[in-house]
Amino acid sequence: MQMQIKIQRWLFSLLIIGALFVGGCSNSPMANSTPTSNPASGENISLSPSPSPAAVATSSQFSNLPRLEGKATVVMTVKGSPITIELDGTNAPITAGNFVDLVQKGVYDGLVFHRVVREPQPFVVQGGDPQGKDPKFPTARLGTGGFIDPKTSAERRIPLEIKAKGAANPTYSATLEEAGVKEKPVLMHSRGAVAMARSQSPDSASSQFYITLTDVPFLDGSYAVFGYVKQGMDVVDKIEAGDRIDKATVTQGLENFKPVQ
């Protein structure tokens, strides 16, 4: 019996990982998904109090991205009901900053939740593909797009950013396993976690995000959580594929947002 349960859980994990991949955009090698493990690179990022050279170099690579230096609150309305999300820019400054920037630009207004996984067990709801704003866009192709920055006419991508417990700085551009970090992340995939979907490449997240419907610990250390639903999980629990975000608004903490100059 125990062996049968283990096999069922293993098969479910494989199903879930496949379901969360982000579909590849025209410029993207793969689609924006949720979970996928990458082979260990053997790269070791120090967790010493002072930033390691690898962490500093990688972070400075993305100095042209918006940041959130502290907390912020976003209220996302779906079918007239609010979902209150607290963003954690202290532990995920680039990931949370990117989300705030897209909210400020109105990118999420009118977008579809294109992927909802509740069977055989609750998992996630996923949305944020800008192509979903067009009601004529083929439903089957949703999940393949990211935010096209009008300044560059190219898709903005952000690095995988995960801060381990006890670390002074996040690990960038690698899962914790790839980086040789054994500590758990500060921001875990508990029920109501808000995280970025991506393809197999660690630095491929753009605008697609997901909200966990239950605790999903096997995603910890591989995908970037940047906030949590504080109110409105009952609304999230009722989201169906095809439901649209009426509007997303930053209601608190905008003074902590540092846009790209």
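So, Asn91: you'll find that residue in the loop between strand 5 and helix 3, where helices (H or I, at least four residues) and strands (E, at least two) are DSSP runs numbered from the N terminus. Before I go on, this is a predicted model, where local features need pLDDT of at least 70 and side-chain atom pairs count only at pLDDT 80 or more, while totals for chains, interfaces and linings use all residues. Residues are numbered from 1 along each chain as its sequence is written, and side-chain values use heavy atoms, with hydrogens and water left out.

Back to Asn91. Is Asn91 buried or exposed? With 13% relative accessibility, Asn91 counts as buried; the cut-offs are under 20% relative accessible area for buried, over 50% for exposed and partly exposed in between, with a 1.4 Å probe and protein chains only. Leaving aside residues up to four places away in sequence, Asn91 touches Lys163, Pro170, Val186 and Leu187, with contact meaning heavy atoms within 4.5 Å.

Eight strands make an open, antiparallel sheet, in the order 6-7-13-12-14-5-4-15; two strands pair if DSSP finds at least two bridges between them. Strand 6 (113–117) and strand 15 (245–252) are at the edges with a single partner strand each, so one side of each has no neighbour in the sheet. From one strand to the next, the twist averages 25°; axes here are lines fitted to C-alpha atoms, for helices over the stretch in contact, and angles run from 0 to 180 degrees between N-to-C directions.

Let's look at strand 4 (residues 71–78). Strand 4 pairs with strand 15 in the antiparallel sense over six bridges, and there Thr77 has Lys247 as its bridge partner in strand 15. Helix 3 (residues 93–104) packs on this sheet, touching strands 4, 5, 12, 13, 14 and 15, and its direction makes about 120° with that of strand 15. Strand 4 and strand 5 also run antiparallel, joined by eight bridges, with Val74 opposite Ile85 in strand 5. Their hairpin has two residues between the strands, and Lys79 takes a positive phi near 55° there.

Last topic, the rings. How many aromatic pairs are there? The count comes to seven, where rings of Phe, Tyr and Trp (its six-membered ring) pair if their centres lie within 6.5 Å, with planes under 30 degrees apart counted as stacked, over 60 as edge-to-face and the rest as tilted. Take Phe99 and Tyr108: the centres are 5.0 Å apart and the planes at 35°, so that pair is tilted.
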